Amino acid sequence: MTSSKLPSRFVRRRQLLLGSAAGLSVSFLPIKLQAQTAFDQLLKPASAAQVQALVDEFLKGATPQEKGLKLDMPALGDNPAAVPVKVVLDMPLKDDVYCQELIILAQGNPHPLACRFTFTALAGTTEVAVRLRLIETQTIRALARLSDGQVLSAQHHITVTAGGCGM
């Protein structure tokens, strides 16, 4: 049966379906064209100003000391999807002084604040181990705020091999 022999209600329904399908497919075209640009923006490393803003917010005017905090991680990230990072507070503390907060920054990632930990005096020791997803070769930085107002800092440069997220 050709379209001229079909009742008019079938012809109108077929035209409506074809028109809807064409309109729907055209409406998705700009999204697909813009998807690559949006994807590239998601993988863009954070700027130095964004990282510094996070550091300044954490420091709250204090000067960080480059001792007392140990950052243990490999020099080469052969699996950038899961790089092991361990942060240990390795300075002797008094009973009334403890680590209140610790952050880890992956300075080359799109969102540099990788994780934030808070502790109480009941925690005893301060030791955390995480796995980070790294987008490129970069510096990992850990900052710890003690209950007496001191801020400790440690950093480590890691080389990331190809095959990680966004590579």
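1. A nonpolar core, as the term is used here, is a set of buried Ala, Val, Leu, Ile, Met, Phe, Trp, Tyr and Cys residues joined through side-chain atoms within 4.5 Å. In this predicted model, the largest such core holds 26 residues, of which Leu69, Val85, Val87, Leu102, Ile104 and Ile140 touch the most other members. The elements that contribute two or more residues to this core are E2, E4, strand E5 (99-106), E7, strand E8 (138-146) and strand E9 (151-160). A second, separate core has 10 residues, including Ala46, Phe58, Ile103 and Val151.

2. Valine 87 deserves a look of its own: leaving aside residues up to four places away in sequence, valine 87 touches Leu69, Lys70, Leu71, Leu102, Ile104, Thr126, Glu127, Val128 and Ala142.

3. Turning to the strands, three of them form an open sheet in the order E2-E4-E7, with antiparallel pairing. Strand E2 (69-72) and strand E7 (127-132) are the edge strands, each pairing on one side only, and neighbouring strands of this sheet are turned by 15° against each other on average, direction ignored. Strand E4 (residues 83-89) is joined to E7 by six bridges, and the bridge partner of lysine 86 in E7 is alanine 129.

4. Proline 45 lies in the loop between helix H1 (8-42) and helix H2 (48-59).

Technical notes:
Residues numbered from 1 in each chain as written. Predicted model: local features only at pLDDT ≥ 70, side-chain atom pairs only at ≥ 80, totals over all residues. Heavy atoms only, no water. Pairing = 2+ DSSP bridges. Helix = DSSP H or I, 4+ residues; strand = E, 2+ residues; numbered from the N terminus. Axes fitted to C-alpha atoms, helices over the stretch in contact; angles between N-to-C directions. Buried < 20%, exposed > 50% of the residue type's maximum accessible area, 1.4 Å probe, protein only. Contact = heavy atoms within 4.5 Å.
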